[in-house]
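Please look over the sequence and the model shown here before reading on. The briefing that follows is grouped by topic.

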Amino acid sequence: MKNRPSNRNFNELRKIVLMNNISPYAEGSCLAKFGNTHVLCTASVDTKVPNWLRNTGQGWITAEYGMLPRSTHLRMDREVTRGKASGRTYEIQRLIGRSLRSVVNLKKLGELQIKIDCDVIQADGGTRTASISGAWVALYDSVKFLLKNGKIEENPIFDQVAAISCGIWDNSEILDLDYEEDSSAEADGNFVLTASNGMVEIQTTAEKKPINMKQFLNLLDLANIGTKTIFNIQKKALGIN
């Protein structure tokens with residue numbers, strides 16, 4: 001394999017920074033930096049659950065995702081200007097919501113809803129994985145707020161969840177693709193994993209030719225390496241063991 005554009009090793013993450021309590025108004029917040037991809041994640045508590053959950057004693061977690069107009073090299077119009085969100089946006093925000101709900105006991109949340117907002121400030125590949133990893137930190141902080149204020153009795157979060165991209169670039173498996181690598185990759189995937197070795201979702205796509213099982217398992221191994229590091233960064237951001 002030739003040198004990666006960032007000069008990283010094949011199994012090396014970009015510099016990852018998760019800064020919690022970044023927003024003074026949200027019940028939970030995190031600025032997630034994966035290299036030059038920066039996403040502001042906030043968690044807002046709502047006392048109203050969706051109609052189909054009323055009087056069930058169960059809470060809900062949902063997510064919205066968006067890219068700021070100048071988060072990329074060329075300005076894009078806000079989706080509200082175009083009248084509706086793109087299919088990509090719907091796909092990503094559903095993925096964020098599913099990922100977070102997979103590690104939460106919604107019964108312990110009671111009839112409360114936590115709304116996650118992930119706004120991409122800068123995009124250099126991996127915006128959905130940065131969003132999921134940062135959103136978990138924001139969610140955790142919002143749960144701490146609920147516990148502190150007596151809104152819930154037990155922590156409903158029973159596991160960590162994080163996500164990372166892996167792909168095949170220059171015939172080699174690599175971890176945490178930036179935009180330059182992603183735009184020319186032979187295959188790319190997003191891996192959403194939990195700290196207890198669970199798999200929430202894996203999205204892997206071959207761009208030029210099918211990948212084989214050995215390559216896929218190599219990508220999964222890289223994803224495990226990457227998410228283990230992210231789990232530690234999440235805990236450090238929150239000050240938990």
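Trp-136 and Tyr-140 are separated by about one helical turn, because they lie four residues apart in helix H3 (residues 127–148); helices here are DSSP runs of H or I with at least four residues, strands are runs of E with at least two, and both are numbered from the N terminus. The model is a predicted one, in which local features need pLDDT of at least 70 and side-chain atom pairs count only at pLDDT 80 or more, while totals for chains, interfaces and linings use all residues. Residues are numbered from 1 along each chain as its sequence is written, and side-chain values use heavy atoms, with hydrogens and water left out.

- Rings of Phe, Tyr and Trp (its six-membered ring) are paired if their centres lie within 6.5 Å, with planes under 30 degrees apart counted as stacked, over 60 as edge-to-face and the rest as tilted; by this rule there are three aromatic pairs.
- Buried means under 20% relative accessible area, exposed over 50%, and partly exposed in between (1.4 Å probe, protein chains only); Trp-52 counts as exposed at 56%, whereas Trp-60 is buried at 18%.
- Both Trp-136 and Tyr-140 are buried.

- Five strands, in the order E1-E2-E3-E5-E4, form an open sheet with mixed pairing, where two strands pair if DSSP finds at least two bridges between them.
- Strand E1 (16–20) and strand E4 (60–67) are the edge strands, each pairing on one side only.
- Strand E2 (residues 28–34) pairs with strand E3 (residues 37–46) in the antiparallel sense over seven bridges, and Ala-32 stands opposite Val-39 in E3.
- Helix H2 (residues 87–101) packs on the sheet, where it touches E4 and strand E5 (113–122), and its direction makes about 145° with that of E4; axes are lines fitted to C-alpha atoms, for helices over the stretch in contact, with angles from 0 to 180 degrees between N-to-C directions, and contact means heavy atoms within 4.5 Å.
- Helix H5 (residues 213–238) lies across E1 and E2, running at about 30° to E1.

- Buried residues of H2 include Ile-92, Leu-95, Ile-96 and Leu-100.
- Apart from neighbours within four places in sequence, Ile-96 is in contact with Ala-63, Tyr-65, Cys-118, Ser-131, Ile-132 and Ala-135.
- A nonpolar core is a set of buried Ala, Val, Leu, Ile, Met, Phe, Trp, Tyr and Cys residues joined through side-chain atoms within 4.5 Å; the largest has 60 residues, of which Ile-61, Ile-96, Leu-100, Ile-114, Ile-116 and Trp-136 touch the most other members.
- H3 gives the most to this core, with 10 residues.

**Strand E6 and its partners**

- Strand E6 (residues 161–169) is largely enclosed by the rest of the structure, because nine of its nine residues are buried.
- E6 runs antiparallel to strand E8 (residues 187–194), to which eight bridges join it, and Ala-163 stands opposite Val-192 in E8.
- Strand E7 (residues 172–175) pairs with E6 in the antiparallel sense over four bridges, with Glu-173 in E7 as the bridge partner of Ile-168.
- E6 and E7 form a hairpin with two residues between them, and Asp-170 in the turn has a positive phi of about 55°.
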